Each structure stands twice: as C-alpha cells, then as structure tokens.
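Thanks, everyone. I'll take the ligand and the salt bridges today. Please have the model open.

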Amino acid sequence: MAAANPNVPVSSRSSWSSFLKSIASFNGDLSSLTAPPFILSSTSLVEYSAYWAEHPSLFIALAIEPNPEKRALLVLKWFLSTLHQQYSSRSEKLGSEKKPLNPFLGELFLGKWGDDGNGDTGDTILISEQVSHHPPATAYAIINEKHGVELQGYNALKASFSGAIQVKQFGHALLSVTPPGADKNKSSERERFLITLPSLHIESLIYGNPFVELEKSTRIASSTGYISKIDYSGKGWLSGKKNAFTAILYNENDGEKNPLYTIDGQWSSTFTIRDARTKKELETYTTANMKTTPLEVAALEQQDAYESRRAWHDVARGIECGDMEATSIAKSRIENAQRELRKKEKEEGIEWERRFFKRVDERDDSVFMRLAAMLDLTPAGDGSGLDNNDKTSGVWRFDKERAKDAKPPYHKVGNQGLGYADE
Ligand SMILES: CC(C)CCC[C@@H](C)[C@H]1CC[C@H]2[C@@H]3CC=C4C[C@@H](O)CC[C@]4(C)[C@H]3CC[C@]12C
C-alpha cells in the first residue's frame, strides 16, 4: 500500500515501506527509529515547550480577571488554545507530523515573546532544558513577570505500537497566577493550577502523512476549588470528527454533575464555550483567527554552545539540504561529545548539573498535593512523583535562584554561568 502512496516522495517509497515494517516491531524508543529523510524535522523536541505560550495575550489574560470562576474558565480556554499549536501546527504547516531531533542532556532553548500588541502584555520569557537523556525528559518555565503569570512543567514519553504509534506522556504542568490585587511575591496569595498531559497516537502513518490525534483526557485543578475535565476523541468516535473534545468546568463542592461551563468542538479548528446554567453560548473560539506571536531567539553567534539551534546547526542544515551524509557526520559529533562527557562524569562520580531545574520531592509542596488529590492522583509515596519516576528521571521544578539574574536574551549561559551580551 505504501509503495503506491502519493504522499511519499517517489525516491523514498521503499525506505518508507521498510520504516513502516521496522515500527511494527519497535521497542518503544522513538528516537531509535530510522525514519526516511522526508519525515525528519530539523527542530529539536526541546523547542516544543514554546507551544505553551504562542498567544501571550491569552496567557496573561488569566491574571487580569478578578473572579476565580472566570479565571478558571480563562485557564481552560488558554489551555485549549495551546492544543492546536502543540499537536497540529506541524502537520498543517509541513503537510505531516515530523520526527523531531532527539535533544541531548543539557540542551537549552531560550527566548522571549515581546508585547503582542493586544494590550499591555509585557515580555514573556521561555526557558526549556533537556533534563534527562535516558529516559528523555524536557523541563520548561514560561514567565511573565509583569503580570505575575508563570507556567512550568516537564514531560517524558512512553511509546508503544499496536496498529498505531501510541504515546503516553508522563509529567505535568503547573500554572501559577497572581490575581488582581494579590502580591506576586507571596506564594500564599498566588493561585495555582495543576494540568495533566493527554495521551496521543499517530494517524495516517501508512499513507505517509502522519498526524497527531489526542486520546483520553486532560484534567486541570485550581487551588480555588475549580476542576476542568477535557475528554478527547477522534474520527472513529462519537462526534465522528477528528481532533474532537468535550470539556466541563465545575466547582469541587458542586461536583461534575453540576458543571458551570461546557466547551465542545475541535481543538484544531473551532470550539464553543457555553454557560451550563443558562445554556447560553458565550464564545466561539477559532484557531485560525488567532495569530501566534513569534518567539525571539538570540542570533546564532550570540547563543551558548548548549542552545539548541546553535548546537544542531550543522545537522539541521544537512536535513534541510537532504544531505544525509553531512547530517550523520554532524550528528555523530554531538553524540560522541555527549558520550565523552558521560564517561568523564562516571569516572569522577558526578552527575551533570542542570542549569535551570532541580529534582524535588513534590510531597513537600502541600498545595501541589491538594491539587493532585482533587484529580485523584497520588504520588508513588517514595517521592517518585505522580508520574512514574523511571519515565521522567525524577520530579523537576524550575529553580528560580539559578535563573535569578537572568534577563532575556539569555546569551552565553555556557560555563561562565548566566551572562549577557551587555555584561
Ligand atoms: C512522525 C513519525 C514518523 C515519528 C514519530 C515522531 C514522534 C517522536 C513525535 C510525533 C508527535 C510528537 C509530539 C507532538 C507534541 C508534543 C507536545 C509537547 O508539549 C511535548 C512533546 C510532544 C508530546 C511530541 C513528542 C514527540 C512526538 C510524539
């Protein structure tokens, strides 16, 4: 079937067939799959953290709303608005999902979104770091100082094959908002949200134009007592449409049988928000109407050696020119250097020091524990997290101290610590 596939370039048809065969027996390590060049992306997975805030005005809108119920709704709306960017922007732009570069330990992706012209957004900064290589785990922090909004999280994947590539995400995101009038420096005055990550699978692989479909659910709990439940379904399911979902928002005291708001539609195109009490339609959100704000990243020559685009530059160029030999030489250079570093660390009995994140025992965070309990999630009890510690190499939190003096652009974070062009 794949051999006659119009989505696969003629020169790649036989390699696509063997790729499909290799998937059927793969061991769950997505990075070990040798995919044909036309499906390779020159972007590293560490960049994907940016999808959380490509609409800065929706991100900061949370902090401007004084009513906690409405704030919870804005959080849900913002979360839903990120799904299009996270999961379908690549297939829309490039014609299919692509296989990203597998980040190396310590790889960084740093940038900022400036004011997006939709009001007084201020700067929103992004720090993304590969905190583990075996297993691969990425951590990120997205911070808008001006409005006191901060998102942080980490994620890792577990893949398997059963007719389709199935991917379960481990990890979670934590959002912290300063409501109007609250002091952003007092943690007791900040409102916090715990966000779980959806599972997904890859569709249309045999036709050569793979795309992501979300599965199962996302739950969001807020420290003011609101819970959102988003249930995903795809083409073969109830609504019959791809990328479909239904969501409810309720107060924990009322229970999910008494929702305050409902939202349904397709996360990749349009969805409708309704007041569940009056059944009144409040808003129809259309992804196509939402322009993304470009992330500003330092020029290559100003970047640190560990910054993703600089580190992968030669590999990316090889992929873009379809020069697989140059790609593989450049890739081996990175892999060998990493192997050397790991060897040296082992000899010295030390561990690679993460630049912006640290491992924590989340049981020390009582608000987090309450949010987890609201969603019926329990840590393993050994400090290994809500999510299997083996899969994420620990519970990762942003270490503000380490980033304290940092202001964008984060040039030259290298071995000199956090330094700037103007330093
Ligand atoms: C396209 C086929 C041939 C290869 C398989 C590529 C795999 C590795 C790709 C396809 C879609 C990708 C996912 C798409 C979106 C996200 C959300 C982001 O916040 C974390 C990474 C995550 C979860 C990606 C992980 C890697 C992924 C699962």
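This is a predicted model: local features need pLDDT of at least 70, side-chain atom pairs count only at pLDDT 80 or more; totals for chains, interfaces and linings use all residues.

**Salt bridges and the ligand shell**

What does Glu189 pair with? Its side chain meets that of Lys186 in a salt bridge, at 4.0 Å from N to O. Lys186 also counts as partly exposed, at 42% relative accessibility.

Now the wider count. How many salt bridges are there by this rule? The count comes to 27. I'll pick out a few.

Take Arg309 and Glu47. Their side chains form a salt bridge, with N to O at 2.9 Å. Look at where they sit. Arg309 is in helix 4, residues 308-311. Glu47 is in the loop between strand 1 (40-44) and helix 2 (56-64). The pair therefore ties together parts that are 262 residues apart in sequence. Are the two partners buried or exposed? Arg309 is partly exposed, at 38% relative accessibility. Glu47 is buried, at 13%, because buried means under 20%.

Next, Lys112 and Asp123. This is a salt bridge too, and the closest N and O atoms are 3.4 Å apart. Lys112 lies in strand 3, residues 108-113. Asp123 lies in the loop between strand 3 and strand 4 (124-132). The two residues are 11 apart, and the pair links distant parts of the chain. Asp123 is partly exposed, with a relative accessible area of 36%.

One network to note: salt bridges link Glu69, Asp275 and Arg277.

On to the ligand. How many residues surround it? The number is 14. The closest are Leu30, Gln86, Tyr87, Arg90 and Asn155. The protein covers 96% of the 610 Å² of accessible area that the ligand has on its own.

Zoom in on Gln86. An N or O atom in its side chain is 2.6 Å from an oxygen atom of the ligand.

Which elements build the shell? Helix 3 (68-94) and strand 6 (149-161) each supply at least two residues. Helix 3 gives the largest share, three residues.

To recap. By this rule there are 27 salt bridges, among them Arg309 with Glu47. Around the ligand there are 14 residues, and helix 3 provides the largest share of them. Over to you for comments.

Note on methods:
Residues are numbered from 1 along each chain as its sequence is written. Side-chain values use heavy atoms; hydrogens and water are left out. A residue is near a molecule or strand if one of its heavy atoms lies within 4 Å of it. A polar contact is a pair of N or O atoms within 3.5 Å; within protein, one must be able to donate a hydrogen and the other to accept it, and residues adjacent in sequence count only if both atoms are side-chain atoms. Accessible areas come from the Shrake-Rupley method with a 1.4 Å probe; for residues, only the protein chains shown count as cover. Helices (H or I, at least four residues) and strands (E, at least two) are DSSP runs, numbered from the N terminus. Buried means under 20% relative accessible area, exposed over 50%, partly exposed in between (1.4 Å probe, protein chains only).
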